[in-house]
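I am opening a notebook page on one chain and want to keep a record of what I look up in it. The entries go from the whole chain to single residues.

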Amino acid sequence: MLSIEAVSYNYGKKQALDGVSFHVPEGRFGVLLGPNGAGKSTLYGLLTQLLPVQSGNLSIAGHQVAGGNLAALRDLGIVFQSQTLDLDLTVVQNLRYFCNLRGIGATEAAQRIDRQLGTLGLEERRNDKVRALNGGHRRRLEIARALLHEPKVLLLDEPTVGLDIPTRRQIVDDVHAQAAEHGATVLWATHLIDEVKAGDWVTVLHQGEVRAQGEIMALLDEHDADDITELFDRLTDRKPQAPLKGVRRGDAA
């Protein structure tokens, strides 16, 4: 459903991605895990066609990402790291505008909007201007918007940056639940290891290279790591850190 093959990208003399290859199986919750500067945002720029493909192949739902191929964008939902909401429109106006852009009829749009607002706990804020929302509610609104056209693939680039821990955990849980309900394939980019859940399909990216890929519990076994902190330290050449609450061997999916 989401495939990246031998992708390289450079900004002049700076190599951001170097022969990156990985995939996310259909219907799985994939996590692109890497420290800041690993190349995650560059890869998202390529997947969303904000950056031109220099070498390699990327495909979304069977469509090649290159040369302005709109078919690759049709089945894609995206939550960027930087917020892209209209602050002077209300919650529901932002969602209606997106539905209009996607050609979703008024009756169907109203039903989908009501469903998303209820699922993500935004119903009581539907008539509030976005400017009045806190960071967590704005992120939930962006997630709701990204799911309105029922995409096959959902990309989220560091969606919880700047949020407090309880809000981050709730959003992680919400997106897992939404992805499962819609059957979407997800790629969630983060540098925060506690956002990985048992059962996630994880790709570790460091210095523009893929260091490991697979289901998280299998990766812990493969690298003989007791928990995700130890795994991440080894794969990114990071000095051992005090363990954070995260996936451990034996956790249930």
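**Entry 1: ground rules.** I am working with a predicted model, in which local features need pLDDT of at least 70 and side-chain atom pairs count only at pLDDT 80 or more, while totals for chains, interfaces and linings use all residues. I number residues from 1 along each chain as its sequence is written, and I note that side-chain values use heavy atoms, with hydrogens and water left out.

**Entry 2: the whole chain.** I looked up the secondary structure and found 8 helices and 10 strands, where helices (H or I, at least four residues) and strands (E, at least two) are DSSP runs numbered from the N terminus. For 253 residues a compact globule would have a value near 18 Å, and the chain has 18 Å, so the two agree. The C-alpha trace spans about 50 × 40 × 30 Å along its principal axes.

Among contacts (heavy atoms within 4.5 Å) between residues at least 6 apart in sequence, 67% join residues at least 24 apart.

**Entry 3: charges.** I counted 28 positive and 33 negative side chains, and the centres of the two sets lie 5 Å apart. Here Lys and Arg count as positive and Asp and Glu as negative, whereas His and the chain ends are not counted; the place of a charge is NZ of Lys, CZ of Arg, CG of Asp or CD of Glu. Side chains of opposite charge can pair when their charged atoms come close. Taking a salt bridge as a side-chain nitrogen of Lys or Arg within 4 Å of a carboxyl oxygen of Asp or Glu, I get a count of 15 salt bridges.

Entry 4: I began with R140 and D174, whose closest N and O atoms are 3.5 Å apart. This pair links distant parts of the chain, with R140 in helix α5 and D174 in helix α6 (residues 165-182), 34 residues apart. Both R140 and D174 are buried.

Next I looked at D173 and K197, a salt bridge with closest N and O atoms 3.0 Å apart. D173 sits in helix α6 and K197 in the loop between β8 (185-190) and β9 (201-206), 24 residues apart. D173 is partly exposed at 36% relative accessible area, and K197 also counts as partly exposed, at 32%.

Because R211 lies in strand β10 (residues 209-215) and D237 in the segment after α8 (228-235), the bridge ties together parts that are 26 residues apart in sequence. R211 counts as partly exposed at 27% relative accessibility, whereas D237 counts as exposed at 56%.

**Entry 5: helix α8.** How many residues of α8 are buried? I find 6 of its 8, so that the helix is mostly covered. The buried residues are I228, T229, L231, F232, D233 and L235, and what covers them includes β3 (29-33), β9, β10 and α7 (216-222).

**Entry 6: K40.** Leaving aside neighbours within four places in sequence, K40 is in contact with L32, G34, P35, E158, A189, T190, H191 and L205.

**Entry 7: positive phi.** I noted that Q49, a residue other than glycine, has phi near 65°. Q49 lies in the loop between α1 (40-47) and β4 (55-60) and is partly exposed, with a relative accessible area of 23%. E150, also not a glycine, has a positive phi of about 55°; E150 is found in the loop between α5 (135-147) and β7 (153-157) and is partly exposed at 41%.

Definitions and conventions
Buried means under 20% relative accessible area, exposed over 50%, partly exposed in between (1.4 Å probe, protein chains only). The radius of gyration is taken over C-alpha atoms; the globule rule is 2.2 Å times the number of residues to the power 0.38.
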